[in-house]
Amino acid sequence: MQIKSTGIIIALGLILIFLIVYTLLKEDNPCRDRISYAQVDLNQIANLDELFAPPTKEEIKKTISDWASFDLQSDSIQLIEKYFLWKRNISVLAHYKNGVIHYGAVILPKKTENIKKYPTLIWANGLNQFSQSVSLTSRREIKELCQSLPNHFIIIPSFRGQSLEISGHYFCSDGFFGDAFDGATDDALRLYHAAKQTYPQISKKTAIYGVSRGGTVALLAGIRHPDIQTTISQAGPTNFLGKEYYDRYGKQYKYQFLSQTTNQEEIRSKLLQSSPVHFIDQYDGKLFLLHGRLDKTVSIDHARSILKKVTTNELDSLITNSGHNAYHVSVVVNYIEKYDH
């Protein structure tokens, strides 16, 4: 009995030592203090009726034209670090544009041959105003995707103002954290382009999956890039152009859309570019929409508005009696695999 007790004490002591060493070695998140609400009331005198008026055909056409002319090419790309996690090789890419740096992870297939092409999944993380990082080591979704899709490249961007975290190491991307939808889509697409240049084995058979903010990014990326043949959006906001969203999301909404400029045309443009419901008729790939009827963060109306306007013939949806954080990774993996064979 005494020997057993001694063993337990030794084991607890080793765990304590490990936690102390890990804490000492773990870096601070350099993006931690990026959020400031100091300017959220910058636009108190904005004309909300004009700001939230339905978009015109000219505005829709201009947005589509702007997206078409977006430059995916980075000024430079560097493979700056390699990791081995969940029996997969992971590369950290840094890609630069006009002096601005962004980071992303590329998880390689378990076995990679130069002569073969491999399907790709882009994973777009959700938005957490209190945690300015996307963590590969603590997100069970990423772990399950890695384990369930061994023959895929998996690309994970850190969006602007956000850190990529791997094994306690942080890589902080430049930019305004509140530029969280169309700006984040820019980041995802530019990382995807950089990954294809770095790994020519990446095929054009690309899917994107995102939850919450990531669901919005998934829809926008699918609309904007022809390589994305499969879009999976779970619980994503689909429209910000309306006073009901301004009222619902309060300070966070003001931070994201109203704290950078007083130019109403620029604000309206950003709102429209962040609202995929107005452009979903441009998407003709496979679309899988997931949402919970009991979602109190992003109401089911966001999904319903997409279902009313989508024109693709390859549409699937799963509406459940769940809330915002329902876990559907196994369903998503099955959906992806159905189109990979």
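Helices and strands are DSSP runs, numbered from the N terminus, with at least four residues required for a helix and at least two for a strand. In the predicted model described here, this numbering places K87 in the loop between β1 (76-85) and β2 (88-97). The phi angle of K87 is near 60 degrees, a positive value in a residue other than glycine. Most residues other than glycine have a negative phi. K87 counts as exposed because its relative accessibility, 63%, is over the 50% cut-off. A positive phi is also found at N98, where the angle is near 55 degrees and the residue is again other than glycine. N98 belongs to the loop between β2 and β3 (100-107). With a relative accessibility of 66%, N98 is therefore classed as exposed.

Two helix pairs were examined for their packing. Two packed helices are described by the angle between their axes and the distance between the axes. In the pair formed by α5 (182-198) and α6 (residues 213-224), the axes lie 9 Å apart at an angle of about 65 degrees. The crossing of α5 past α6 is right-handed. On the α5 side, the contact is made by D182, A184, T185, D186, A188 and L189, and α6 contributes R213, V217, L220, A221 and R224. By class, six of the residues in this contact are nonpolar, one is polar and four are charged.

The second pair consists of α4 (residues 140-148) and α10 (residues 329-338), whose axes come within 10 Å and cross at roughly 35 degrees. The crossing of α4 and α10 is likewise right-handed. Helix α4 takes part through E141, E144, L145 and S148, while V329, S330, V333 and E337 are the contact residues of α10. The α4–α10 contact comprises three nonpolar, two polar and three charged residues.

At least two lining residues are supplied by each of β5 (133-135), α4 and β9 (202-211). Strand β5 provides the largest share of the lining, namely three residues. In terms of class, the lining of the largest pocket holds seven nonpolar, 12 polar and three charged residues.

The second largest pocket has a volume of about 300 Å³. Of its 14 lining residues, D179, D182, E266, K270 and Q273 are the closest to the centre. D182 is also one of the α5 residues in the contact with α6. Helices α5, α7 (243-257) and α8 (264-273) each contribute at least two residues to the lining of the second largest pocket. The largest share of this lining, five residues, comes from α8. Two nonpolar, six polar and six charged residues make up the lining of the second largest pocket.

Terms used
Residues numbered from 1 in each chain as written. Predicted model: local features only at pLDDT ≥ 70, side-chain atom pairs only at ≥ 80, totals over all residues. Heavy atoms only, no water. Axes fitted to C-alpha atoms, helices over the stretch in contact; angles between N-to-C directions. Left-handed = near helix turned anticlockwise from the far one by under 90°. Contact = heavy atoms within 4.5 Å. Nonpolar A, V, L, I, M, F, W, Y, C, P; charged D, E, K, R; others polar. 1 Å grid on protein atoms, 1.4 Å probe; cavity = no way out; pocket = protein on both sides within 12 Å on 5 of 7 lines; lining within 4 Å. Points joined across faces, edges and corners; volume = space filled by probe spheres on them. Buried < 20%, exposed > 50% of the residue type's maximum accessible area, 1.4 Å probe, protein only.
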